[in-house]
Amino acid sequence: MVAAVGGPINATVEVFGDRWSLLVLRDIYFRELQAGSEEGIASNILADRLKRLVELGLLTREDTRAGQRARYSLTEPAIQLVPVFAQLGSWGLRHRPTSRALRVRAELLEQGGPALWEEFMDELRRSHLGSKSPARSPSVRERLNAAYLAATNSS
């Protein structure tokens, strides 16, 4: 793990001080890493950020045989970033221009508030950490992805 110096905001900025780290985590939340980032991350940058996020303890990497893609899983600290992502999305909705398709998930997370964030974190714990908490149907991921697809198809 990389040691941070200074206060908590500085320590956090040292982890997420680049554009791609947060976007890579976002894509893993929605299992879209294989499909590629909407923002067009280059493969060498993706490989670097994945390695860095593993070193920082936000992801784990499952080793695979030659010719297979590695599987990355979120750790508990990464899962606990869901409220941060929701708040960043809410701020962006109010203060930055965004496309309809790319804003719909942020809108749903904002509307759902802390209860939805907790439900999503529980869901991520089940899929990434093997938690045995009961699943709900439809899942948060399914609801967020359905809204994204609907917005994409209507644009």
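Biologist: Which helices each supply at least two residues of the lining of the largest pocket?

Modeller: They are H2 (19-29), H5 (82-95) and H6 (100-129). The model is predicted, so local features need pLDDT of at least 70 and side-chain atom pairs pLDDT 80 or more, while totals for chains, interfaces and linings use all residues. Residues are numbered from 1 along each chain as its sequence is written, and side-chain values use heavy atoms, without hydrogens and water.

Biologist: What makes H5 stand out in this lining?

Modeller: H5 gives eight residues, the largest share of the lining.

Biologist: How do the residues of the lining divide into nonpolar, polar and charged?

Modeller: There are 18 nonpolar, four polar and 10 charged residues. Asp, Glu, Lys and Arg count as charged, and Gly is among the polar.

Biologist: How many helices and strands does the protein have?

Modeller: It has seven helices and two strands, where helices are DSSP runs of H or I with at least four residues and strands are E runs of at least two. From the N terminus their order is α-α-α-β-β-α-α-α-α.

Biologist: What share of the residues is buried?

Modeller: Buried residues (under 20% relative accessible area, 1.4 Å probe, protein chains only) make up 40% of the 155.

Key. Buried means under 20% relative accessible area, exposed over 50%, partly exposed in between (1.4 Å probe, protein chains only).
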